[in-house]
Amino acid sequence: MIKKHATLKQAEDIPFLDGRLLVALPGMGDPRFEHAVVFVCVHSPEGAMGLIINKPAAELKLSDLAEQLNLSDAENADRHLAQVHLGGPVEHGRGFVLHSPDYEGGAHTMNVSPEFGMTATLDILADIASGEGPAQALLMLGYAGWGPGQLEAELRDNAWLICDAAPKLVFGTADEDKWHATLASIGIDARMLSGASGSA
């Protein structure tokens with residue numbers, strides 16, 4: 001099976017990256033994205049929006065946000081979706097749930113790809129608490145955003161590698177292992193990467 005991924009030189013040939021992963025390379029220069037793996041939800045000429053999938057909010061659980069989110073059954077939701085993640089540096093007060101495609105929240109759900117949906121409404125948290133939510137899900141606070149041409153420029157500067165998103169990698173891999181596992185999925189040994197990598 002051929003693994004689909006892209007290096008910097010290939011990136012300019014890929015029009016949009018919706019439903020794919022960005023893997024931060026060492027030396028990208030932004031500590032907020034150190035060792036980050038980002039699921040791209042939207043990518044168009046107007047810019048891009050994604051969710052970091054491997055940065056847990058230390059010791060923060062969904063039940064801790066119950067009052068802020070007006071969620072009455074957060075303790076039960078914790079049994080299904082305990083860990084809260086930091087989805088990116090933009091709008092930390094907004095919540096996003098990246099999930100398997102078995103959940104449909106109407107106009108509030110974006111079908112990013114055949115294997116992933118993204119919902120940004122409190123209804124999904126209530127459904128998760130009642131056992132009617134998606135089979136697999138990650139809750140993020142905040143998101144990563146890029147203006148027109150910004151992500152393309154970062155790809156040209158060797159800030160990111162691109163690879164396919166697989167549910168097992170996104171939902172079934174421990175947060176601390178996702179960066180290495182994503183690189184391994186495209187045949188790259190993280191130990192061989194240099195923090196000073198640049199354009200050849």
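Student: Why does Met118 count as buried?

Tutor: Met118 has a relative accessibility of 6%. Buried means under 20% relative accessible area, exposed means over 50%, and partly exposed lies in between (1.4 Å probe, protein chains only). Met118, at 6%, therefore counts as buried. One caution: this is a predicted model, in which local features need pLDDT of at least 70 and side-chain atom pairs count only at pLDDT 80 or more, while totals for chains, interfaces and linings use all residues. Residues are numbered from 1 along each chain as its sequence is written, and side-chain values use heavy atoms, with hydrogens and water left out.

Student: Which residues is Met118 in contact with, leaving aside its neighbours within four places in sequence?

Tutor: Contact means heavy atoms within 4.5 Å. Beyond those neighbours, the partners of Met118 include Cys41, Met49, Leu51, Phe96 and His108. Met118 itself sits in strand β9, residues 116-119. Strands are DSSP runs of E, at least two residues; helices are runs of H or I, at least four; both are numbered from the N terminus. The chain has 11 strands and seven helices.

Student: What makes a set of residues a nonpolar core?

Tutor: The members must be buried Ala, Val, Leu, Ile, Met, Phe, Trp, Tyr or Cys, joined through side-chain atoms within 4.5 Å. The largest such core has 27 residues; Leu21, Phe39, Leu51, Ile53, Leu98 and Val170 touch the most other members. A second, separate core holds 16 residues, among them Leu22, Ala36, Val38 and Ala159. Nonpolar side chains tend to be buried together in soluble globular proteins.

Student: How much of the protein chain do buried residues make up?

Tutor: They make up 48% of its 200 residues.

Student: How do you know that the buried residues of α7 line one face of the helix?

Tutor: In α7 (residues 175-185) the buried residues are Asp175, Lys178, Trp179, Thr182 and Leu183. The arc is taken from the directions from the helix axis to the C-beta atoms. Down the axis of α7, these buried residues fall within an arc of 120 degrees, so they line one face. An α-helix has 3.6 residues a turn, so residues three or four places apart point the same way. Just after α7, Gly187 takes a positive phi of about 80 degrees.

Student: Where is the pLDDT below 50?

Tutor: pLDDT is the predictor's confidence in each residue, from 0 to 100. The chain mean is 82, and 78% of residues reach 70 or more. Over residues 1-11, however, pLDDT is below 50. It also stays under 50 over residues 195-200.
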